Amino acid sequence: MPKFEIRVPKLGESIIEATITKWLKKEGDTIKEDEAIVEIATDKVDSEIPSPLGGIIVSILAKEGDVVPVGTVIAIIEEEGSSDGDAPAKPASGKEAADSEEKPTVNPSGKEKAGLPPVEKIPEGKVIPAGDGDAKRFYSPLVKNIAKQENLSMNELDSIAGTGLEGRLTKQDLLDYLKTRKETGSPVPKSPSTPHEALTVPITGDDQIIEMDRVRQLIAGHMVRSVQTSAHVTSFVEVDMTPIVMWRERNKDAFQKRDGIKLTFTPVLIEAIAKTVRDFPMVNVSVDGTRIILHHNINVGMAVALPNDNLIVPVIKNADQKNLLGIVRMVNDIAGRARINKLIPDEIAGGTISMTNFGSFGTLMGIPIINQPQTAIVGVGSIKKRPVILETPSGDTIAIRQIMYLSLTYDHRVIDGALAGKFLNKMQFHLENFDINQTL
């Protein structure tokens, strides 16, 4: 019977390795086509690898906890119902072809598929260890290659602060270190503020010790790195959301009855962000050394709270090219799948500006941390009834209005207060002049 290699699939831009978190099957198990075999994790998202064919798992080549490069063979499946040892790999169906980036590369054993770079097969029983010889932690092939080119010793490499999973050194960590090292002419000491550092904390007998899960470790590292990278500044404006609140109240029941999904404020806010970015594109940038990267696409990330209190930021791609109904449907779909861990890596990559709605938890206002490598994040507070002064043709009057605090946290290296103020005022304009007569 032909044997097929299950490889770690391409998991999105810039992802070169993954951690085996849980095997869902064991050697000798029979598996159906498209049935999940293993759960893997990257520094961006958790995923499952499905089997592209039915058969028997004859060999598992990586253990839970191992870190393996993309393209690595991690299991061998023997196809059922065939006796031709040289039969070609089963061709992908239309759905498999469309999802090729999320599914494993499948080759007949010992043969490379056309168009793919050769990947060394792991001999049966051998796994890629989490460590690296005498190194104190795991280093990816890319990091080791850069270190070799820069003539870094293993001791110096071990001393560099890492922001990856369990303190692993990422490519960006190493590049940042090398840049500072060249500027100062000497090795950079390890920062005591990195989240994986062991600090001396007094613990009494009544205290409870809770280990951070993998996602919380990633969030911690990402947040610390962002604060160390960007010069954070936050500006605020008040927005009169009364017209939008009235429009939503008038349409939400009929919309849910028709489409089966809730009509929230989030899509309206994302639409306003996309419109405002078109007005002020220099907010939609990233920084690469002394270069400013002006992004053509407007990809809005939206922070989603997960049931376990962790956070993930899926991305609405090309938000400025979608109408409000399209954004409503996409927001509900992505947020729903995010909460059940069904996002694919591409859906949380490529954001150019983000939004976080802490108002959904009753928070009046807040100062969020920039989602690197972006340079701006919009913060949305809760909508509260407040007495405000309105200017009318007959003079000023006091009225009860639905008021929301809107913030923009921005990277002062490239975004100044004047641009931030113009952005917020224009977004306020888009929200306060929302077309309340439109239907979905």
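This is a predicted model: local features need pLDDT of at least 70, side-chain atom pairs count only at pLDDT 80 or more; totals for chains, interfaces and linings use all residues.
Let me start with helices H7 and H8, which are oblique to each other, a word kept for angles that are not under 35 degrees (roughly parallel), not over 145 (roughly antiparallel) and not 65 to 115 (roughly perpendicular). Their axes come within 9 Å and cross at roughly 125°, where the axes are lines fitted to C-alpha atoms over the stretch in contact, and angles run from 0 to 180 degrees between N-to-C directions. H7 passes H8 in a right-handed crossing, meaning that the near helix is turned clockwise from the far one by less than a right angle.

Residues are numbered from 1 along each chain as its sequence is written, and side-chain values use heavy atoms, with hydrogens and water left out.

Helix H7, residues 266-279, also packs against helix H9, residues 417-432, at an angle of about 130° and with the axes 9 Å apart. H7 and H9 are therefore oblique to each other, and H7 passes H9 in a right-handed crossing.

What is the nearest side chain of opposite charge to Asp-66? That is Lys-63, 5.0 Å away, and Asp-66 is buried yet has no salt bridge; a salt bridge would need a side-chain nitrogen of Lys or Arg within 4 Å of a carboxyl oxygen of Asp or Glu. Buried here means under 20% relative accessible area, exposed means over 50%, and partly exposed lies in between, using a 1.4 Å probe and protein chains only. The side chain of Asp-66 does, however, reach the backbone nitrogen of Lys-63 at 2.8 Å.

Two asparagines have a positive phi: Asn-151, near 55°, and Asn-318, at about 50°. Asn-151 lies in the loop between helix H2 (141-149) and helix H3 (154-159), and at 68% relative accessibility it counts as exposed. Asn-318 is in the loop between strand E16 (315-316) and helix H8 (324-339), and at 23% it counts as partly exposed.

Finally, a cis peptide bond, with omega about 5°, joins Gln-372 and Pro-373, and Pro-373 is found in the loop between strand E17 (353-357) and strand E18 (376-392).

Definitions and conventions
Lys and Arg count as positive and Asp and Glu as negative; His and the chain ends are not counted. A polar contact is a pair of N or O atoms within 3.5 Å; within protein, one must be able to donate a hydrogen and the other to accept it, and residues adjacent in sequence count only if both atoms are side-chain atoms. Helices (H or I, at least four residues) and strands (E, at least two) are DSSP runs, numbered from the N terminus.
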